[in-house]
Structures are given as C-alpha cells and as structure tokens.
Amino acid sequence: MTPGITTARSPALGMIAPFFLAAPLGLILAGVLIATATSDSFVAVNLPRNVAITHGLVIGWLTTSIMGATYQLAPVVMGGNLWSQTLVRVQLVFHLVAFPVFVWSLLRWNVAWMGGAGAVLYLSLVLYAANIAMALKRGNAWSLARGFLVVSTAFLAATMTLGFAYLGTLQPEHVWFGITLGRVSAHAHLGLIGWLAITVMGVGYQLVPMFNVINQAKPRFGWYVLATTAVATALSVIVLFTDPAAVVRPILALLLAVGPGLWALDQLMLMRHRTRRRVDIQGRATWLSIGFLGLAIALGFGAALGTPLTTGDEPARWLLAYAAAGLLGWFGSTLVGNSYKILSFLVWYHRYLPLVGRQRVPVTTDIYSERAATAVLAVNGVGTLVLVTACLGGSLDLLRAGGAIIAAVGLAHLVTMSAMLLPKKARRPLAVSTSRVVTS
Amino acid sequence: MNASDVADVLRDVYDPELGLDLVSLGLIYGIDVDEPDIGIRMTLTSTGCPMAGAMLDAARDAVAYQFPGTQVRVITEFEPPWDIDMADDRARDWLGEPPRVRGAG
C-alpha cells in the first residue's frame with residue numbers, strides 16, 4: 001500500500017485563502033477614501049475620514065492579512081492545532097460583515113452604527129484571539145515567533161477593549177470620559193506597536209530565516225526586542241492616556257523605537273548570512289519594509305516633537321506621514337511579500353504535494369508570478385512615498401494621487417492573489433542533478 | 001532496484017520553496033537498499049523547517065509509489081547540519097551562490 005501524505009496539520013485552503021483575498025479589499029477601500037479626501041485632511045488626525053481610513057487599513061487590510069497568516073502559521077510553525085476551523089469561518093463572516101459597516105459609520109460619524117458594527121468586530125477578534133491562543137497553548141516548543149504572537153494577541157485584546165470603551169463613551173447616553181488626542185494616540189499605539197508591530201516582528205523572526213535559508217546565524221536581540229517593545233508600548237499607552245506634556249512625547253517615541261530598531265538590526269544581520277543569495281519577493285519585501293521602518297521612526301520622532309513642517313494650522317501632517325510610512329510602508333510591504341509566499345505554499349501543500357512522485361508538479365514560483373508580485377510591492381512603496389510626501393507638504397492633489405495608487409495596488413494584489421488559485425503547470429526543467437548520493 | 005534507482009526518483013521530489021530537488025540540494029545523506037526494505041537518510045535545510053513533515057512524506061511516498069511492494073523508511077539526520085557546500089553546482093547557481101573553486105588545495 002502506498003503510504004499517504006499527511007496534510008492534517010495544515011489548515012484547509014478554503015479556510016485560509018478567503019482572508020488573503022478579502023484583505024486587499026481593505027486596501028482598496030482605504031485608497032478610495034484617500035483619493036477622495038477633502039482639503040481639511042491635514043488639520044487633525046481625528047477627523048472622521050482620517051479615522052475611517054486608518055481603521056480601513058488596520059482592520060481591513062493589515063489585520064485580515066495577519067489573521068490569514070497566523071491561522072496558517074500557528075498550526076504549521078508553532079506545532080499546535082487551531083481550536084476550531086468552523087470558528088475560523090464564522091469569525092471571517094463576522095469580520096467581513098462588520099468591517100465595511102464600521103468604516104462607513106466612522107466616515108459618517110454615526111455613533112449608533114459605530115457601536116453596533118464595533119460590537120460585531122469585537123466579537124470577531126475575540127473569536128480569533130481564542131482560536132490562536134489555543135493553538136499557541138497546544139504548541140510543543142517555545143520559539144521567538146510563538147512568544148511574539150502570545151504578546152501581540154494580548155495587545156490586540158487590549159486595543160479592541162480600549163476601542164470598544166471609546167465607542168461606549170461616544171454614545172450620547174453614556175459619556176463616561178472624554179476622548180482626548182492623547183487617548184486617541186494611546187489606542188493607536190496599542191494597535192500599531194502592540195498588535196501590528198509585535199506580530200510583524202515575530203513573523204519576521206520566523207519567516208526571514210526560513211525563506212532565505214539562513215542557518216549560519218541566529219537572532220541576537222529577539223527576546224530583548226519583545227520585552228522592550230512590550231514594556232515601552234504599555235508604558236507609553238498609560239502615559240499618553242493622561243495627555244502628557246509636550247516634552248514627554250519625544251521620550252516615549254525614543255522608547256517605542258528601541259525594540260523595532262534592534263529588530264531591524266537583527267533582520268539585516270540575518271539577511272547578510274542568507275544562503276539564498278538571489279532574493280525573491282520575500283527578501284525584497286524584507287529590505288523594503290526595514291527601509292520604511294527607518295522612515296516611520298524618523299517621522300514618528302518628528303511628530304512627537306510636535307513641530308509642524310511649515311507654519312500654519314495643519315499640525316496633523318507629521319502624524320499622518322508617520323502613519324502612512326508605518327502602516328503602508330513597514331507593515332504593508334511585509335504583508336505583500338509574505339502573502340504571496342504563504343498562499344502559494346498552501347496551494348502547493350493541498351493540491352500538489354499528494355501528486356509528488358507520480359507526476360511533475362509545480363513549485364511555489366509556478367503558482368505565483370514573481371514579476372507581478374514584485375511590481376505590486378514596488379508600486380505599494382511608490383504609493384507610500386507619494387502619501388508621505390503629500391502629508392509633509394500638505395498637498396491635497398498629491399494625497400489624492402497617492403490614494404489612487406494605493407487603491408490600484410489593492411486591486412492588483414487581489415487579482416494576483418486570486419490567480420494563485422487557478423490550475424498551474426510545472427515550468428521547471430527536468431531534474432538533471434549531478435550530485436553523488438552516498439549509498440551502502 | 002538499487003540505490004541509484006532510488007536516487008533517480010528523489011531527483012524528482014522538489015523542495016517547493018527553493019524549486020530544487022532533494023538530491024541537488026544535498027539533502028539525501030544516504031540510501032540503503034535491502035529489498036523489500038528501503039532506507040533513506042535525509043536532512044533539511046533548517047531544523048525548524050515547517051515543511052519537514054511534508055518533505056519527508058513526499059520522499060517516502062514517491063519512492064514507495066515507484067517501487068511497489070517495498071517498505072520505505074525515511075530517517076532525518078541533522079549531523080552534519082546541512083550546508084550550501086552540500087548542494088551541487090546547479091543548485092548553487094539557482095540560489096545565487098558562486099560556483100565552487102575547482103582544484104583548490
């Protein structure tokens with residue numbers, strides 16, 4: 001009898017792929033909202049449109065991608081099965097129904113709908129966190145990536161709970177406390193650093209050595225990165241909640257930059273030792289994301305100093321530029337690069353692994369177009385730089401152009417990701433190995 | 001059937017990520033044939049490779065399919081750890097590594 005191939009530990013393709021196909025819709029939505037921005041966009045970060053765009057990017061694009069990636073990676077990489085695959089599908093439905101309504105309610109500043117859609121989103125994220133927590137608990141070995149995911153999932157819960165409390169206090173019959181700019185910043189940094197940055201850094205520690213075949217070097221600062229980032233985030237959130245004096249904010253910015261800065265050094269050192277010298281989409285995304293991290297740190301520090309780039313009444317420019325560099329540049333580049341690798345592997349695993357040895361089967365680079373993926377990554381970088389420039393210069397026309405580019409990136413990403421699900425043929429030449437195999 | 005025949009089958013089992021076969025990559029440390037038993041000693045490019053189970057199963061399944069009636073065992077070995085020097089010139093070229101210096105020493 002021919003032994004069967006075990007695919008039990010890899011989640012079903014039909015469960016994971018919808019996350020990767022839904023995520024670009026968030027990018028398209030955010031791009032359209034930016035492309036139709038109005039002249040007051042640079043006045044304050046907490047304008048309804050700016051808040052809607054931020055949540056469109058964070059919940060729609062980035063969080064949906066991360067959910068798909070961690071549902072795939074938690075069982076395969078961390079060794080623990082998900083609690084329930086049915087729950088994953090239920091969670092996705094909640095998420096996809098609530099997310100656009102939530103963004104719309106923010107745009108219209110309809111607090112009643114914000115509360116309703118926010119409650120469903122909260123439920124969706126609780127289901128996600130519970131499923132991932134169970135997979136992480138069941139894993140049999142501690143790794144950097146597992147440690148990062150545990151901490152980032154806790155920060156996700158905190159971000160959602162604080163955001164949900166804000167939705168509560170916004171209801172006219174409640175008004176428990178005021179939402180000051182410091183408190184907006186506290187919620188934003190819980191999500192951006194605590195949830196997104198820690199997740200992206202942890203995934204980077206797992207995927208960069210794996211995809212670039214790095215086995216001659218180990219991360220130097222991994223646990224320090226996690227500890228300093230987690231402590232700096234928690235401390236910053238507490239301090240920001242009290243609307244600290246201007247002199248305190250640059251100190252918080254420096255604290256928040258320590259962990260990601262060490263992580264970038266680690267990634268650069270790892271990449272220097274890669275065996276796969278010819279970089280692929282994941283390697284390019286790694287370089288680009290590290291560059292954008294550097295830009296985001298510089299802009300974040302500028303925003304914390306509170307000095308407008310030009311005199312006038314548009315103090316949000318630095319903050320908006322900082323958000324664009326971080327969300328679209330650092331996190332976005334990372335997710336674009338890894339999405340092609342993760343989904344193509346999943347397609348190979350479920351469709352072609354059972355055929356290995358019986359017929360020639362495609363490899364992952366047959367499943368996605370390296371050229372198209374690189375183009376999406378590059379245009380995302382260009383769009384991000386256009387938006388950063390637009391924000392710093394206060395140019396509405398440039399802002400709208402950047403939004404249009406980002407919407408186009410979302411559409412191209414959706415098309416290229418969807419194309420991976422089409423039947424593929426092996427393109428590689430027949431094996432002509434000249435290696436000698438030791439026999440006895 | 002001998003070890004060379006088994007190696008030929010493994011030359012068509014590809015690491016899907018790297019686009020290279022197990023033999024070219026130098027992942028096969030040894031093949032022991034004592035019909036109906038076939039033993040394959042192989043390694044992985046990294047100890048934390050999440051594809052480990054898939055690659056081991058693929059190697060075993062491919063050989064068992066080509067040689068019906070055999071009992072195929074795949075044993076993983078991490079000593080010596082895999083190194084790019086174990087890969088052949090084609091694999092090195094594919095990965096962007098410079099070719100070996102011939103005749104050195």
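Residues are numbered from 1 along each chain as its sequence is written, and chains are lettered from A in the order in which they are written. Because the model is predicted, local features need pLDDT of at least 70 and side-chain atom pairs count only at pLDDT 80 or more, while totals for chains, interfaces and linings use all residues; side-chain values use heavy atoms, without hydrogens and water.

Helices (H or I, at least four residues) and strands (E, at least two) are DSSP runs, numbered from the N terminus. α7(A) covers residues 222-241, which is 20 residues. After the helix comes Asp243(A), with a positive phi near 50°.

Several residues of α7(A) are buried, among them Gly222(A), Val225(A), Leu226(A), Thr229(A), Thr233(A) and Leu240(A); buried means under 20% relative accessible area, exposed over 50%, and partly exposed in between, with a 1.4 Å probe and protein chains only. An α-helix has 3.6 residues a turn, so residues three or four places apart point the same way. The cover over the buried residues of α7(A) includes α5 (144-170), α6 (181-211) and α8 (248-272) of chain A.

The packing of α7(A) on α8(A) has an angle of about 160° and an axis separation of 9 Å. Axes are lines fitted to C-alpha atoms, for helices over the stretch in contact, and angles run from 0 to 180 degrees between N-to-C directions. Angles under 35 degrees count as roughly parallel, over 145 as roughly antiparallel, 65 to 115 as roughly perpendicular and the rest as oblique; the two helices are therefore roughly antiparallel. Residues of α7(A) that meet α8(A) include Val225(A), Ala232(A) and Val239(A), and the residues they meet in α8(A) include Leu252(A), Leu256(A) and Trp263(A). Contact means heavy atoms within 4.5 Å.

Two further residues of chain A are buried in other helices. Leu106(A) belongs to α3 (residues 85-108) and has a relative accessible area of 3%, so Leu106(A) is buried. Leaving aside neighbours within four places in sequence, Leu106(A) contacts Pro48(A), Val51(A), Ala52(A), His55(A) and Met114(A). Asn338(A), in α10 (residues 317-352), counts as buried at 7% relative accessibility. Not counting residues up to four places away in sequence, Asn338(A) touches Leu207(A), Phe211(A) and Gln282(A).

Chain B contains an open sheet of three strands in the order β3-β4-β5, with mixed pairing. The edges are β3 (28-34) and β5 (71-76), each with a single partner strand, so one side of each has no neighbour in the sheet. Neighbouring strands are turned by 15° against each other on average, direction ignored. Two strands pair if DSSP finds at least two bridges between them. β3(B) and β4(B) run antiparallel, joined by six bridges, and a hairpin of two residues links them. Ile31(B) stands opposite Ile40(B) in β4(B). β4 (residues 37-42) and β5(B) run parallel, also with six bridges, and Ile38(B) stands opposite Val72(B) in β5(B). Helix α1 (residues 3-10) of chain B packs on this sheet, touching β3 and β4, at about 130° to β3(B). Helix α2 (residues 52-66) of chain B lies across β4 and β5, at about 155° to β5(B).

Key
Expected span 1.5 Å × (residues − 1).
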